[in-house]
Amino acid sequence: QVQLVESGGGLVQPGGSLRLSCAASGSGFSRNAPGWYRQAPGKQRELVAHITISGGTKYADSVKGRFTISRDNAKNTVYLQMNNLKPEDTAVYYCNNLFLPFTWGQGTQVTVSS
């Protein structure tokens, strides 16, 4: 069973940056479309960025121009570089495949506050 382990979250001031990592055991992300999701308190989980099957990237309007998703196939790891963070980015961040998703990991908490 594939396990997803997210890391890299923390407390950061508005305008700051964080880099999240998501490691999948086995061949978790191969031949799929890995993405980063987030869930803020009292809100539904939303997709913020993903890598398409063809290798392109797509972003939610709320993070476009600030977040960058990437992958390292050799390490079976997906990253999310987050710049110019805003308080509204505060959430628990998760990764998973868009198609046939695995069991969700524990996520990593990102808090943007002064």
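The salt-bridge count comes to 4, a salt bridge being a side-chain nitrogen of Lys or Arg within 4 Å of a carboxyl oxygen of Asp or Glu. The structure is a predicted model, in which local features need pLDDT of at least 70 and side-chain atom pairs count only at pLDDT 80 or more, while totals for chains, interfaces and linings use all residues. Residues are numbered from 1 along each chain as its sequence is written, and side-chain values use heavy atoms, with hydrogens and water left out.

Arg38 takes part in two of the contacts described here. Glu46 forms a salt bridge with Arg38, with the closest N and O atoms 2.8 Å apart. Asp89 also meets Arg38 in a salt bridge, at 2.9 Å from N to O. The pair Asp89 and Arg38 links distant parts of the chain, 51 residues apart. Asp89 lies in the loop between β8 (77–82) and β9 (91–97), and Arg38 in strand β4 (residues 34–39). Strands are DSSP runs (E, at least two residues), numbered from the N terminus. Salt bridges that share partners join Arg38, Glu46, Arg66 and Asp89 into one network.

Buried means under 20% relative accessible area, exposed over 50%, and partly exposed in between (1.4 Å probe, protein chains only). Arg38 is buried because its relative accessible area is 5%. Asp89 is buried too, with a value of 0%. Glu46 has 35% relative accessibility, so Glu46 counts as partly exposed. A further salt bridge joins the side chains of Lys64 and Asp61 (3.1 Å, N to O). Asp61 is exposed, at 66% relative accessibility.

An open sheet is formed by 6 strands in the order β2-β10-β9-β4-β5-β6, with mixed pairing. Two strands pair if DSSP finds at least two bridges between them. β2 (10–12) and β6 are the edge strands, each pairing on one side only. Neighbouring strands of this sheet are turned by 25° against each other on average, direction ignored. Axes for such angles are lines fitted to C-alpha atoms, for helices over the stretch in contact, and angles run from 0 to 180 degrees between N-to-C directions. β4 and β9 run antiparallel and are joined by 6 bridges. Pro34 stands opposite Asn97 in β9.

β1 and β3 also pair in the antiparallel sense, over 4 bridges. Val5 stands opposite Ala23 in β3. Side chains alternate along strand β1 (residues 4–7).

The largest nonpolar core has 26 residues. Such a core is a set of buried Ala, Val, Leu, Ile, Met, Phe, Trp, Tyr and Cys residues joined through side-chain atoms within 4.5 Å. Trp36, Leu80, Met82 and Tyr93 have the most contacts inside this core. Two or more residues each come from β3 (18–24), β5, β7 (67–72), β8, β9 and β10 (108–112). β3 gives the most, with 4 residues.

Ile53 lies in the loop between β5 (46–51) and β6 (57–59). Ile53 counts as exposed because its relative accessibility is 58%.
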